[in-house]
Amino acid sequence: MPGLNSRNQYRDCIVYLKKLSTYPEGLNIARKIAQEWRETYRNRRAMRDELSKAGF
């Protein structure tokens, strides 16, 4: 996430979170990662919006 700055790039990263969530215990890990991103990048409204749309 550090070098990303557009909705399309955020969506690409969220695809990986969705794939991770299909593995055993992956959903918990994906949710933790999403929460860390929300805390680290608080000013990125588009990223938070895309995470919410994806269910994270």
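1. Ala-46 is partly exposed, at a relative accessible area of 22%. In this note, buried stands for under 20% relative accessible area, exposed for over 50%, and partly exposed for values in between (1.4 Å probe, protein chains only). Ala-46 belongs to helix H3; helices here are DSSP runs (H or I, at least four residues; strands are E, at least two), numbered from the N terminus. Apart from neighbours within four places in sequence, Ala-46 is in contact (heavy atoms within 4.5 Å) with Arg-7 and Tyr-10. Its C-alpha lies 10.0 Å from that of Arg-11, a residue 35 positions away along the chain.

2. On the basis of the analysis: the model is predicted, so local features were required to have pLDDT of at least 70 and side-chain atom pairs pLDDT 80 or more, while totals for chains, interfaces and linings use all residues. Residues are numbered from 1 along each chain as its sequence is written, and side-chain values use heavy atoms, with hydrogens and water left out.

3. The largest nonpolar core holds 13 residues, and those touching the most other members are Met-1, Leu-17, Trp-37, Met-47, Leu-51 and Phe-56. Such a core is a set of buried Ala, Val, Leu, Ile, Met, Phe, Trp, Tyr and Cys residues joined through side-chain atoms within 4.5 Å. Two or more residues come from each of helix H1 (7-20), helix H2 (26-40) and helix H3 (45-54). H1 supplies the largest share, with 4 residues. In soluble globular proteins, nonpolar side chains tend to be buried together.

4. H1 comprises 14 residues and spans 20 Å from its first C-alpha to its last, close to the expected 20 Å; the expectation is 1.5 Å times one less than the number of residues. Its buried residues are Tyr-10, Cys-13, Ile-14 and Leu-17. Viewed down the axis of H1, the buried residues fall within an arc of 105°, so they line one face of the helix; the arc is taken over the directions from the helix axis to the C-beta atoms. The face turned away from the buried side bears the exposed residues Asn-8, Val-15, Tyr-16 and Lys-19. H2 and H3 are among what covers the buried residues of H1.

5. Met-47, Glu-50 and Leu-51 are buried in H3. Down the axis of H3 they fall within an arc of 100°, so these residues line one face of the helix. They pack against H1 and H2, whereas Arg-45 and Lys-53 are exposed on the face turned away from the buried side. Leaving out residues up to four places away in sequence, Met-47 touches Met-1, Tyr-10, Trp-37, Arg-38 and Tyr-41.

6. A search of the whole structure returns 5 salt bridges, each being a side-chain nitrogen of Lys or Arg within 4 Å of a carboxyl oxygen of Asp or Glu. One of them pairs Arg-7 with Asp-49 at 2.9 Å, N to O. Arg-7 lies in helix H1 and Asp-49 in helix H3, so this pair ties together parts 42 residues apart in sequence. Both are partly exposed: Arg-7 has a relative accessible area of 33% and Asp-49 one of 30%.

7. Which residue does Arg-7 also bridge, with closest N and O atoms 2.8 Å apart? The partner is Glu-50, and this pair likewise links helix H1 to helix H3, across 43 residues. Glu-50 is buried, at a relative accessible area of 6%. Glu-50 also meets Arg-11 in a salt bridge of 3.2 Å, N to O, and those two residues are 39 apart in the chain, with Arg-11 in helix H1 and Glu-50 in helix H3. Arg-11 is partly exposed, with a value of 37%. Through shared partners, salt bridges join Arg-7, Arg-11, Asp-49, Glu-50 and Lys-53 into one network.

8. Arg-44 sits in the loop between H2 and H3. It is buried yet has no salt bridge, and the nearest side chain of opposite charge, Asp-12, is 13 Å away; Lys and Arg count as positive, Asp and Glu as negative, and His and the chain ends are not counted. Beyond residues up to four places away in sequence, Arg-44 touches Met-1, Pro-2, Leu-4 and Tyr-10.

9. Two backbone points remain. Glu-25, in the loop between H1 and H2, has a phi near 65°, a positive value in a residue other than glycine. Glu-25 is exposed, at 57% relative accessibility. Gly-55, which follows H3, has a positive phi near 95°.
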